[in-house]
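Please look at the structure shown here with its sequence.

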Amino acid sequence: MTESEGKYWTRPERRKWAGGLFFGCMALYACRTVPPLCLPNMAEEFGWDKTQSGTVLGSFFWGYTMTQFLGGYLSDKIGGDVVLPVAATFWTLVTLMTPQLAYLSTDKYTTLYIVILSRVLLGLSQGFHVPGTTSLIARKVLEEERSSTYSFVCAGSPLGTLLTGSVGSLLLETYGWHSVYYFIGMFSILWTLGMRFILIANHRKKYQLSVDSADKPIKVDREPVPWLMLLTKSGFWAPVIGHFCHANSFFILLSWAPTYFHENFPTAKGWVFNVVPWVVSIFSSIFGGWLADTMIRKGYSVTFVRKFIETISLIGTAGALILISYMSNFEGALFCVVFAVASCGLHNSGILINTQDIAPKHAGSVFGIMNMAGAIPGFVGVYMAGHILEATKSWAAVFNQTAGVCIFGCIVYLLFGTGKRII
């Protein structure tokens, strides 16, 4: 067995793991997007205003922010294959229990606080997943195949949103909001069990056989992260800021788009605006990975490729958000949201994979820090959007300020971003 064969997944292994992680991201986002879908019905039933609804949506990220670095650090140390199924067990249970928790009290404010707590716990447990996936891919996939592999895995995210938006919308209209939680929770249970007892179990059995037959044990890298060096590099802060700006737009679209369509086009079918944007995003994410790897193989520098794709992502999102303010019909508004979400999908092959370029040995830990910053707009941006809507009744105010943040992030990344290894 050669060094590369022992270190990296073989092609069949990479395909199996990519498939398993793809469905993991699908389950992750399916659970995450249940509350935004059900929020209008829950707010009507429990009497929440826009500010309270924004707090419910944003509270997920209070927990999500806290476990980003821990998820990456643990994955770098003990392996993402250990971290992922444990975390998935917790966020699956929280999803299944939320409808029951919401009825523990008849008091409006007590119910609000309980639902907020369940969202925080969901965020805490889901915060381990993406850093763990990033660490796993950085360590087990060859550099020239990482963009396509990572973008394919991340394409499971919009498919999860699509699952909730399509099947969830039908369940919501037919059986009520409780049924959406139960259905998505059961889907997550199936993925967790399959990942743990089929893919991971088979991998560990093969790994143990290779260790037993080897002359020397496989050496595991325990080199500490040189944080002081990293924190002084503009090439580290550029993707952190860029990811923050992207996440602000993505989470506002993810959290508030259903409410936007519900209020402005009440006769529109929920399954249309909850499905179409995320279908397109799947293809844009996979296309972005293919484009990035193709450009790198043709000789373009990693720095140029990351900046090129990220520019299309952030500027495309900003342009669509500005245009949506001028749309008075459902078709035009839907096109703008589709274009914005599709542009967000290209981010997976730009900044999101950049930590694997600048810190390949510590990708999980470094990604955890970057995604911690990216989670902040989840509660600040989503809450502020609700507050602005409550105060101004203007969706244009929300979308325009979000577009401005995207443009700022693009400028910073173009000036200071890099695809070269820093540590």
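In what follows, Ala, Val, Leu, Ile, Met, Phe, Trp, Tyr, Cys and Pro count as nonpolar, Asp, Glu, Lys and Arg as charged, and the others, Gly among them, as polar. The model is predicted, so local features need pLDDT of at least 70 and side-chain atom pairs pLDDT 80 or more, while totals for chains, interfaces and linings use all residues. Residues are numbered from 1 along each chain as its sequence is written, and side-chain values use heavy atoms, leaving out hydrogens and water.

The second largest pocket has a volume of about 310 Å³, and among the 17 residues that line this pocket, Leu172, Glu173, His262, Gly270 and Phe273 are the closest to its centre. Its lining divides as the table shows.

| Class of lining residue, second largest pocket | Number of residues |
|---|---|
| nonpolar | nine residues |
| polar | five residues |

Helix H4 (residues 50–58) is mostly covered, since seven of its nine residues are buried, where buried means under 20% relative accessible area with a 1.4 Å probe and protein chains only. What covers those buried residues includes helices H3, H5, H8, H14 and H20.

Thr65 lies in helix H5 (residues 60–66), and Thr65 counts as buried because its relative accessibility is 13%. Not counting residues up to four places away in sequence, Thr65 touches Met372, Ala375, Ile376 and Phe379, contact meaning heavy atoms within 4.5 Å.

Terms used. Helix = DSSP H or I, 4+ residues; strand = E, 2+ residues; numbered from the N terminus. Buried < 20%, exposed > 50% of the residue type's maximum accessible area, 1.4 Å probe, protein only. 1 Å grid on protein atoms, 1.4 Å probe; cavity = no way out; pocket = protein on both sides within 12 Å on 5 of 7 lines; lining within 4 Å. Points joined across faces, edges and corners; volume = space filled by probe spheres on them.
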